[in-house]
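Me: Please show me the structure. I would like to ask some questions about it.
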Amino acid sequence: MIDIRIDTSSLSHTRFVIPEHNSGFIEGADAPTLHVAPGDYSFQVASGLAATFHFTVSSDGLLNYPDTCDAFLEGRGSNTLTVHGFTITFDGTSLSHDLLPMISGAHVLTRDQTHELTLLPAAGYGFQPAAGIIGDFKYNVNVDGNLTVDPHYNGFAHTQGRTLTIDGYKLTIDGRKLTHGLLPMNLLGGATVMPPDQTHELTLLPAAGYGFQPAAGIIGDFKYNVNVDGNLTVDPHYNGFAHTQGRTLTIDGYKLTIDGRKLTHGLLPMNLLGGATVMPPDQTHELTLLPAAGYGFVPAPGIIGDFKYNVNVDGNLTVDPRYNGFAHTQGRTLTIDGYKLSLDTSELSESVTPSLLNYTKGPMPPGVSTFTVIPASSYRLFRQGSPIPVIKFSLDVAGITTVIDAPDGVTIISDRRFCDVPDRIVTDLQRQTYGGPIPGRWSRRILTYSFDPSNAVGVNETQVNEAIVSAFFRWSATSDGLLTFDPVASNGDIHLSFVGFSLFNRRFGEPGGTLATAKSPEEGVVKFDSAETWTEEKLRFVALHEIGHALGLRHSDSPSSLMFASTSDTGPWMQDIDEESRDALRRLYGWHDPQRLGDRATSDRPSLAAAGRVTFSSSTVALHMVWKGIEGDPGLYEATFRDGAWSPQSRIQGEFGSTHSPDLASYSITSDGFSTGLVLACRGIEGDPGIYVAYNEGMGWTGRTHIPDVGSSTRPAVAALGPTPYLAWKGIVGDDGIYWTRHTAAGWQTQQKVQGVGTSHSPALVVFRNKLHMFWKGIEEDERMYFAKFDIKESSWEPHQEVLYTLADADGGTTYHVGTSHGPSATVDGDRIMVAWKGMQSDPEIYFSMYDGTAFSGQIPIGFAGQDYSGVATSRGPGICHFDGTTHVAWRGEGETDTMWWAAL
């Protein structure tokens, strides 16, 4: 091989490709040295754009090229090729857009002046006039430096020597029938909105795929083309709303009808370019719009409706099915019915007025008032003369209301809401599907139930009996034997009855609206509204839902779930228990009896991870466990879970030892992510606070690698985003800070401190929805648990948050802290993170919580009070991993017991 140098520092764009060298783009600004074989070489100035010359490298390392290249090359007979190129002038000052040369590393040429570029001779240079659009135009730089273009471009571009002038074509855009203006989309250098009160002119380079925005953040479902002869064309499927004639484009849009007459407020079309006016609710209204997805409305000052509709290219309107509860379309008509809300301000002494567009009904006096609105966040009601809202609430697309701030006793209920158990009270946390701490679930597996059919309207005693017995039978069947329900004549653990206003609250006592309510374990109270006219199917559905609450389940966010809190007045009445609700019940009551792993012990806690290779015909993926030996034994041990049992323990051979158990995670070893290996992270032995890692891709553990310049007083945490391992750890003795690093092609990065946080134990890392999450206990006496997410783009941790959850029932809601005396562990279980931890200082129980990316479920213990589950207790904290549809937890025993235990869900 021979060393040569190529210097492109004189060119405007210094990157180049030597195809025969197979090295990809090379930066030539600093005359890099290339190792090449003798031979003939070509030169590319951009991907697929070849310069009009070749050069040769002789066996003694000398360069040569044709005499015709002397005007722009230098270095014949030496080992350095200097590429000078030619300086070219570009004039695009007549255009409505800037020009981006289609060359690697190029910068936009603004249209406010002419520009010079130094280029190599080549045929086929071009430009982009807009983001993602390639101009239908090429020009050539000849070996003498002069420019030429194909004659069929003469209508809009011409050359003179080394100057290229691009005049483009002046086009007329007519959108005068539209309700909105048009913003030319993604033109380089920007563009201004063209209001609909007149026609407009644009001067463009020929290209296919120009488009418009009709509203801020919305891209029109429409493209037009500027041909090289200057004429405009559009695809025939746009003919219903747009047409061209020569160099004129006319966009008529579609005339649509908006019917919001059932609403209490007006509708302001959101972010239409050129502005829009409020459409009051006393009549229907017409809008003429360009087809696009994502149009919306503003229902109140400063509030954006949680609703989008689409105008298709055939002019018909569509909405997402999740909006079907309050809006529907028919052809080119959109009807928005909204949700009717009942506001109860009986506890207030003053009237309140909602802040809504076109609201004309006047103040709402103390008592029950109704109004109809579309879903949105942070609606506000004010006292007379006060600038500060006294009530704030949100309404979601399912008709669920959430009180954000209100005086005691104020309630807001949607007419679509049939269950009185609230989702959340004065908190930003989302609805919960899982139960809370004891008494968040029953302490026994065999429960009795009783019911009183008195006051039931529309159904007789036999029908009530059939509906209630059937509902309990379905819950028993779906629990797979975890729960048994026995009927008794009276005073059952769960008692169901029909009551009215006098025995419950203001939301009972009239047909429609709230149908029932329930108390969480272990109160066992279910009440149906005696003013309602029932059918057996309706009663069975509502009983199934309320029994779910009585067993500890919370409301779900999914309309297809039994535990969803809204439905229409006529159903449909779900008659069985859906998969999500079965899954929630299993997590509350489904842990298998813990097993004592008597052949192994640890002074710390184990770690779990699943990994293995996957091919078309087989899989070796298995669950792995690693741990440190008992006190005085720094050795590390491992075992594998297959066919429902753990293999015998074996000591990891080599220089492996630690004062604490290691952490374990899987990482991708193939690009598809199916085959994975294990990465182990541990602290050194006594006197060595260093951090080490090792890998196992199915052929045994590699030797341990020391992470330079870091240390910890406990074990580190490890997780991997694809093939990239990340580490997080507490500092050395006396340093409560949390640090992190990741492995790159250049090795382990220099450690960085997570700002503003600290811990007295090891943190936990887990990858969820392709994002790294960390959980940890606070410093010293702070037993609260915290978490943070890692921002990959910024390469930093987002602000940390405390792990909190809210329990809500018919009497209100309370927010709770999660507490632990040791570090937590975490795994991904389905579409949630499951976090597991030991209780606070005097509490040896193991708890878990589910995190859906927004909020945490209640703190749920593993095991049951009143049963022989004494093994579910630890002095250190558990390890956890979800594998093959089952969640596995392993832990060291309570107190001084070194024996290890394992349970599965």
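Reply: Contact means heavy atoms within 4.5 Å. Helices (H or I, at least four residues) and strands (E, at least two) are DSSP runs, numbered from the N terminus. This is a predicted model, in which local features need pLDDT of at least 70 and side-chain atom pairs count only at pLDDT 80 or more, while totals for chains, interfaces and linings use all residues. Residues are numbered from 1 along each chain as its sequence is written, and side-chain values use heavy atoms, with hydrogens and water left out.

Me: Which helices cover the buried residues of H3?
Reply: Buried means under 20% relative accessible area, exposed over 50%, and partly exposed in between (1.4 Å probe, protein chains only). In helix H3 (residues 579–589), the buried residues are Ser-581, Ala-584, Leu-585, Arg-587, Leu-588 and Tyr-589. Their cover includes strands E71 (825–829), E72 (832–838), E73 (846–851) and E74 (860–861), and also the helices H1 (461–478) and H2 (536–551).

Me: Is Glu-546 buried or exposed?
Reply: Glu-546 belongs to helix H2. Leaving out residues up to four places away in sequence, Glu-546 touches Phe-418, Cys-419, Val-421, Ala-516, Thr-517, Ala-518 and Val-526. Because its relative accessibility is 0%, Glu-546 counts as buried.

Me: How far apart in space are Arg-474 and Trp-891, C-alpha to C-alpha?
Reply: Arg-474 lies in helix H1. With residues up to four places away in sequence not counted, Arg-474 touches Arg-540, Leu-544, Gln-575, Asp-576 and Ile-577. Trp-891 is 417 residues from Arg-474 in sequence, and the C-alpha to C-alpha distance in space is 35 Å.

Me: Which residue in E36 is the bridge partner of Asp-259?
Reply: Two strands pair if DSSP finds at least two bridges between them. Strand E28 (residues 254–259) and strand E36 (residues 333–336) run parallel and are joined by three bridges. The partner of Asp-259 in E36 is Thr-335.

Me: Which residue in the turn of the hairpin of E35 and E36 has a positive phi?
Reply: Strand E35 (residues 327–330) runs antiparallel to E36, with four bridges joining them. The hairpin has two residues between its strands, and the turn residue with a positive phi, of about 60 degrees, is Gly-331.

Me: Why does Val-614 count as partly exposed?
Reply: Val-614 is in the loop between strand E50 (607–611) and strand E51 (622–628). Val-614 counts as partly exposed because its relative accessibility is 33%.
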